[in-house]
Amino acid sequence: MLSVLFSLSLSHLGLWAAGLVLVLGFLKLIHLLRRRKMLAKAMDNFPGPPTHWLFGHALEAQQTGSLDKVVSWAHEFPYAHPLWFGQFIGFLNIYEPDYAKAVFSRGDPKAPDVYDFFLQWIGKGLLVLQGPTWFQHRKLLTPGFHYDVLKPYVAVFTKSTNALLDKWEEKAHEDKSIDIFYDVGLMALDTLMKCTFGKGDRGLSHRDNSYYLAVKELTVLMQQRLESFQYHNDFIYWLSPSGRRFLRACQVAHDHTDRVIRERKAALQDEKEQEKLQNKRHLDFLDILLGVRDESGIKLSDADIRAEVDTFMFEGHDTTTSGISWILYCMARYPEHQHRCREEVREILGDRDSFQWDDLGKMTYLTMCIKESLRLYPPVPQVYRQLSKPVDFVDGRSLPAGSLISLHIYALHRNAAVWPDPEVFDPLRFSTENVTTRHPFAFMPFSAGPRNCIGQQFAMNEMKVVTALCLLRFEFALDPLQPPIKMLHLVLRSKNGIHLHLKPLGPGSGK
């Protein structure tokens with residue numbers, strides 16, 4: 001009798017649970033439909049490309065050539081057009097400087113529909129924080145990117161790059177092209193490990209390499225999740241194979257960061273280690289995080305420190321890898337500019353064997369070439385915001401608060417109304433006279449406004465040093481059999497790698 005009653009109570013409980021799930025699902029559906037109606041109504045005045053009844057524009061976004069597809073849409077729909085990922089997330093996709101200024105000069109928060117996907121990985125760091133907490137963290141971290149802190153990093157960039165170039169010397173004798181993207185990624189990680197954690201000169205360990213592979217997988221999975229509307233629901237995603245892979249990769253990344261933070265905090269308890277810290281040639285990012293205090297003397301919590309370290313490692317590693325790889329691709333594709341940059345670098349270096357901080361400001365033509373490469377191949381082609389208040393655009397159209405914005409930097413940088421012959425590689429676009437007459441929001445590789453990239457000077461310095469050293473050691477040429485296929489995985493990658501032929505320039509080339 002008792003067992004019968006128990007089974008009946010279990011069946012009733014199961015029915016109640018099923019009913020609760022159905023009610024919650026129904027309420028969620030109503031919420032999504034109401035929100036979709038709000039987003040669609042907000043974009044009534046913006047015509048755009050036709051949408052799939054279920055996937056929106058997600059199918060086009062997943063196809064090869066999707067970046068250039070958006071450029072073609074930009075020609076058809078000036079200023080902006082709706083962009084739907086599935087039926088429930090719709091952005092106004094903008095690619096015109098005045099539109100960009102209207103939104104990005106204000107400091108609106110990142111769109112949670114996209115950036116909340118980052119929380120499991122990088123926590124609440126500068127990338128996703130908003131409001132007073134974001135302002136406090138930004139204020140605390142800004143001194144860490146002062147030029148006095150950045151100066152000694154030139155030697156770090158040099159050492160990591162020379163290790164990469166030595167590796168390429170061996171590969172170059174195999175008489176076949178090299179996929180530079182993976183090697184540049186490991187070099188950028190090595191650099192960042194030294195600048196973030198103060199890693200020694202022994203190079204990357206097995207754990208560090210595992211961290212690199214985990215970050216690489218996380219970026220791929222993040223992009224796939226964004227483009228697959230069924231994975232926008234956390235419950236469904238964490239039960240899926242992709243979601244479980246994401247959690248495993250997150251664990252690898254977190255274990256790596258936590259271990260390094262624990263070791264550093266334990267070391268700082270030792271008086272000898274504190275003395276070493278005071279005598280260090282440069283402070284690393286973790287030193288600065290562990291030392292900062294707000295006006296009340298309160299330090300960052302362990303969770304805050306991990307979030308900022310994970311954010312810096314993601315933003316400073318993957319983006320720099322993309323930027324450097326595409327810069328070297330441009331050097332190979334346009335040999336006349338490669339030659340001119342090499343001559344400029346040789347003249348600056350003279351009979352010295354290493355660069356100094358003051359040399360970076362003298363690399364005028366190389367800097368113009370780097371910026372032109374960042375225009376054509378921006379490391380982060382697309383960023384997102386949610387409007388905290390209404391916005392009025394220059395053409396009289398407007399959007400209400402709560403609307404979602406996608407700034408398509410790739411399309412903005414190829415906007416023919418701003419950039420004549422946008423597909424042509426022309427470094428002189430960034431000469432002083434041309435820059436002064438151009439719209440300040442026409443070139444945004446590091447975003448713009450109050451929420452621009454805090455580490456952009458760090459990134460530019462690294463790209464200058466790495467590119468200059470590469471040009472001194474090698475002549476770069478394209479592999480016509482393996483042209484790169486552009487692909488968006490949070491950062492701009494190539495589906496098949498970036499394959500270049502490397503010709504060593506000999507011992508007298510500036511090594």
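**Figure 1. Polar contact between the side chains of Asp 108 and Arg 106.** In this predicted model, the side chains of Asp 108 and Arg 106 are joined by a polar contact of 2.8 Å. The side chain of Asp 108 also has a polar atom 2.8 Å from the backbone nitrogen of Ser 388. Asp 108 belongs to the loop that runs between helix H4 (97-104) and helix H5 (112-115).

**Figure 2. The surroundings of Asp 108.** Asp 108 counts as buried because its relative accessibility is 2%, and the term buried applies under 20%. Leaving aside residues up to four places away in sequence, Asp 108 touches Val 103, Arg 385, Gln 386, Leu 387, Ser 388, Lys 389 and Arg 451. Among these neighbours, Ser 388 is the residue whose backbone nitrogen lies 2.8 Å from a polar atom of the Asp 108 side chain.

**Figure 3. Tyr 79, a residue with positive phi.** Tyr 79 is placed in the loop between helix H3 (66-76) and strand E1 (80-85). The phi angle of Tyr 79 is near 80°, a positive value in a residue that is not glycine. Tyr 79 has a relative accessibility of 31% and therefore counts as partly exposed, a class that lies between the limits of 20% and 50%.

**Figure 4. Leu 490, between two strands.** Leu 490 lies in the loop between strand E9 (486-489) and strand E10 (491-494). Although Leu 490 is not a glycine, its phi is positive, at about 65°. Is Leu 490 buried or exposed? Leu 490 is buried, because its relative accessible area is 14% and the limit for this class is under 20%.

**Figure 5. The chain that contains these sites.** The secondary structure of the chain consists of 22 helices and eleven strands. Its C-alpha atoms fill a box of roughly 90 × 60 × 50 Å along the principal axes. For 511 residues, a compact globule would have a radius of gyration near 24 Å, and the chain agrees with this, having 25 Å. Of the 511 residues, 52% count as buried. Among contacts with a separation of 6 or more, 75% come from residues 24 or more positions apart.

Figure 6. The chain exposes about 23,900 Å², of which carbon and sulfur atoms supply 57%.

Conventions. Residues are numbered from 1 along each chain as its sequence is written. This is a predicted model: local features need pLDDT of at least 70, side-chain atom pairs count only at pLDDT 80 or more; totals for chains, interfaces and linings use all residues. Side-chain values use heavy atoms; hydrogens and water are left out. Helices (H or I, at least four residues) and strands (E, at least two) are DSSP runs, numbered from the N terminus. The radius of gyration is taken over C-alpha atoms; the globule rule is 2.2 Å times the number of residues to the power 0.38. Buried means under 20% relative accessible area, exposed over 50%, partly exposed in between (1.4 Å probe, protein chains only). Contact means heavy atoms within 4.5 Å. Accessible areas come from the Shrake-Rupley method with a 1.4 Å probe; for residues, only the protein chains shown count as cover. A polar contact is a pair of N or O atoms within 3.5 Å; within protein, one must be able to donate a hydrogen and the other to accept it, and residues adjacent in sequence count only if both atoms are side-chain atoms.
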